[in-house]
Amino acid sequence: MIDRLRALGAAARQALEEAQSESEVEEARIAFLGRKSELNRISRGLGTLSDGERREVGRAVNQLKSDLKGLLEEAKSRVASGTGGAGGLDVTLPGRRPWVGRKHPLTRTLDRLEEIFLGLGFEVAVGPHIEDDFHNFEALNFPADHPARDEHDTFYVEGGGLLRTHTSPVQIRVMQTRKPPIRIVAPGRVFRNETPDASHGSEFFQLEGLYVDRDVRFGELKGVLIKFLRELYGENVGVRLRPGFFPFTEPSAEVDVECRICRGRGCGVCKGTGWVELLGSGMVDPRVFAAVGYDPDEVSGYAFGLGIDRIAMMMTGVDDIRLFLENDLRFLRQI
Ligand code: DAH
């Protein structure tokens, strides 16, 4: 019996030492230590032996079991490490980089715009997303039946409020609470009832600018906008002003920059014109001053509004505005 145990021990040791994988180690465990193993059978049969034999064989069985368990653990860790060298740790694997968060591309664009305008002496102001008809329309000289309202269809909330269609109502709120001189930019989310496509979303972002003082001239507006666009796109950027219409400015100008994609030669982004419309602007209409209780004969000013998403698209090369608000990390981590 003792010889048999010795032979079993030798066979088990060899099987465990030669095992190359977890499943081979497991096979050896079942064969030599499992319920149906010979060792287990001998162990269970100890009761049938004479007293003397039982003591001797019992001791040998226990010794063998504990030896085999030790060998089993060794074999397990050897196959787990692959190399057998570093105790289960493969020091040749490249480390795992922790994810590093960063700002959303729209936030990065906005930070850049704010930085430039702060450098030009503007302060940052904010207003509510849910506006009333007076701030979003009336005070900005959009009377109830004015066709300019058509472009500003939006979402109405119970009780007469609406989701603001532009950041211009912040002009009204600031002027209602402060006296000139005022020099602010107001960034934020705006809403429109749009059918979404690559360049339109029902939520997007604008940055409003307002300067009110005495004797403000159109030339100052032009100077500030050109300075801003040069800071953003470099000294050589082409800028042009075209006559435009907004109810709250008179005269009004649309401001285009030379297309960043084709450098003015004409491409799909600029629809072959070489220019991309970037902002609306103009001299504050006297009716707007009257609506906030300023004397239009005393004060004058300029205003402008630009689309942050469009600037972000040009800065990042993203060609579909809807991607910005889907919050898909597979997209956001690329830009
Ligand atoms: N509020 C206008 C819009 O959303 C943009 C705009 C145009 C703002 C001209 C201005 C401005 O301040 O002067 O369409």
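Helices here are DSSP runs of H or I with at least four residues, and strands are DSSP runs of E with at least two, both numbered from the N terminus. With that in hand, alanine 19 is found in the loop between α1 (2-18) and α2 (22-33). What you're looking at is a predicted model, where local features need pLDDT of at least 70, side-chain atom pairs count only at pLDDT 80 or more, and totals for chains, interfaces and linings use all residues. Residues are numbered from 1 along each chain as its sequence is written, and side-chain values use heavy atoms, with hydrogens and water left out.

**Overall build**

- The protein chain has 11 helices and nine strands.
- Along its principal axes, the C-alpha trace spans about 125 × 50 × 35 Å.
- Buried residues (under 20% relative accessible area, with exposed meaning over 50% and partly exposed in between, using a 1.4 Å probe on protein chains only) make up 42% of the 335 residues.
- Take the contacts (heavy atoms within 4.5 Å) with a separation of 6 or more: 66% of them join residues 24 or more positions apart.

**Around alanine 19**

- Alanine 19 counts as buried because its relative accessibility is 1%.
- Leaving out residues up to four places away in sequence, alanine 19 touches Glu24, Val25, Arg78 and Val79.
- Alanine 19 and valine 79 sit 60 residues apart in sequence, yet 7.9 Å apart in space, C-alpha to C-alpha.

**The sheet and its helices**

- Seven strands make an open sheet with mixed pairing, in the order β1-β4-β5-β9-β8-β7-β6; two strands pair if DSSP finds at least two bridges between them.
- At the edges are β1 (123-124) and β6 (239-246), each pairing on one side only.
- β1 pairs with β4 (residues 182-191) in the parallel sense over two bridges, and valine 124 has valine 185 in β4 as its bridge partner.
- Helix α5 (residues 105-119) lies across β1, β4, β5 (203-213) and β9 (300-307), running at about 5° to β5; axes are lines fitted to C-alpha atoms (for helices, over the stretch in contact), and angles run from 0 to 180 degrees between N-to-C directions.
- Helix α7 (residues 169-177) also packs on the sheet, touching β4, β5 and β9, and its direction makes about 40° with that of β5.

**Nonpolar cores**

- A nonpolar core is a set of buried Ala, Val, Leu, Ile, Met, Phe, Trp, Tyr and Cys residues joined through side-chain atoms within 4.5 Å.
- The largest one has 42 residues, and Leu207, Phe228, Tyr233, Tyr302, Phe304 and Phe324 touch the most other members.
- Among the elements giving two or more residues to this core are α5, β5 and β9, but α8 gives the most, with seven residues.
- Tyrosine 233 touches Val257, Arg260, Leu278, Ile311 and Met314, not counting residues up to four places away in sequence.
- A second, separate core of 24 residues includes Ala139, Val174, Met175 and Val212.

**Cysteines**

- A disulfide is a pair of cysteine sulfur atoms within 2.5 Å, and by this rule the count comes to zero.
- Cysteine 259 is in no disulfide, as the nearest cysteine sulfur, in cysteine 262, is 3.7 Å away.
- Cysteine 259 counts as buried because its relative accessibility is 0%.
- For cysteine 267, the closest cysteine sulfur is that of cysteine 262, which at 3.7 Å is too far for a bond.
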